[in-house]
Amino acid sequence: MTTIESPRAPARPAQRRGVNWEKWGWIYMRASGVVLIVLIFGHLFMNLMVGEGVKAIDFGFVGGKWAEPFWQWWDVLMLWLALIHGANGMRTLVNDYTNPGTVQKVLKGALFASAAVLIILGTLVVFTFEPCPAGAPADLLPSFCAA
Amino acid sequence: MPDTSAGTLTAPAKPARQKPGGTLYRGREGMWSWVLHRITGVAIFFFLLVHILDTALVRVSPEAYNAVIGTYQTPIMGLGEVALVGAIVFHAFNGLRIILVDFWAWATRHQKVLFYVVVGLWVVTMIAFVPRHLMNVFSH
């Protein structure tokens, strides 16, 4: 007698031991999503709605913001949460639209690498930022550089 | 049952239009919210990659950063920012809808109504954002 596999049978049986990473990924998407709404809506309000909005953004604007640890941590938290949220979401699409194999591994590797590189780059930029670089024209710098 | 035409040997003629009532997912609010969530998510992801790189230019020089951020202030990019904010706002509100549908039985039963709530909140938010943003982009 032949048995017909259930149409919804998973490609691999669910892992019974150890950490259930898919469950934690599912929880992460929801938890980070709620926090990201606050962080990104705040980011958009500060950068696009207040004052002259996008027209006011320049080196001096960024320098003024990152002079305060509050906005440094705001942006770094946003960077980490958003990139991991986005890369994990893209992983879902790769799982949906590709079959297990080399192509799928390459795509997931590219997602992981781009997220890791940009998280490290962004974190370094925020915390090693020099608002008053020597030799730069004073009119491009935040106003506090003159003091 | 005899086939009525030659071309339907493997795929029999379509049965009379079926209406599976409230269980139909495809083509309804649930599907469109899912489709829009994917499309906006992918768009936001690729913008995020670019946005981190352009912001990283503050570490190169004030001139380099200002040159690139200046392109964000052109009329075409200003319209692109309307699309970007529209995508983010939809993804945000629909994400909250997904969480409610996951954790709250009432919301699971009323996911269609909640889709229209998302659309309504999106419209309100965009009305608050778009005129002010376009005035900033197209004046000065």
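From the N terminus on, chain B runs α-α-α-α-α, with five helices and zero strands. Helices (H or I, at least four residues) and strands (E, at least two) are DSSP runs, numbered from the N terminus. This is a predicted model, in which local features need pLDDT of at least 70, side-chain atom pairs count only at pLDDT 80 or more, and totals for chains, interfaces and linings use all residues. Residues are numbered from 1 along each chain as its sequence is written, and chains are lettered from A and ligands numbered from 1 in the order in which they are written.

Buried residues make up 16% of the 140 residues in chain B. A residue is buried if 20 or more other C-beta atoms lie within 10 Å of its own, exposed if 12 or fewer, and partly exposed in between, with C-beta atoms placed from the backbone. Of the contacts in chain B between residues at least 6 apart in sequence, 64% join residues at least 24 apart; two residues are in contact if their C-beta atoms, placed from the backbone, lie within 7 Å.

| Feature of H5(B) | Value |
|---|---|
| Residues 111-138 | 28 residues |
| Kink centred on B:Met126 | about 30° |

Buried residues of H5(B) include B:Leu114, B:Phe115, B:Phe129 and B:His133. Their cover includes helix H1 (21-49) of chain A, and H1 (29-56), H3 (75-103) and H4 (105-109) of chain B.

The contact between the chains takes 33 residues from chain A and 32 from chain B. On the chain B side, H1, H2 (62-71), H3 and H5 each supply at least two residues, and H1(B) gives the largest share, 10 residues.

The largest nonpolar core has 15 residues, and A:Leu83, A:Ala87 and A:Ala115 have the most contacts inside it. A nonpolar core is a set of buried Ala, Val, Leu, Ile, Met, Phe, Trp, Tyr and Cys residues joined through C-beta atoms within 7 Å. H3 (69-97) and H4 (102-128) of chain A, with H1 and H3 of chain B, each give two or more residues to this core; H3(A) gives the most, five.

Conventions: The expected span of a helix is 1.5 Å times one less than its number of residues. The bend at a residue is the angle between axes fitted to the seven residues ending there and the seven starting there.
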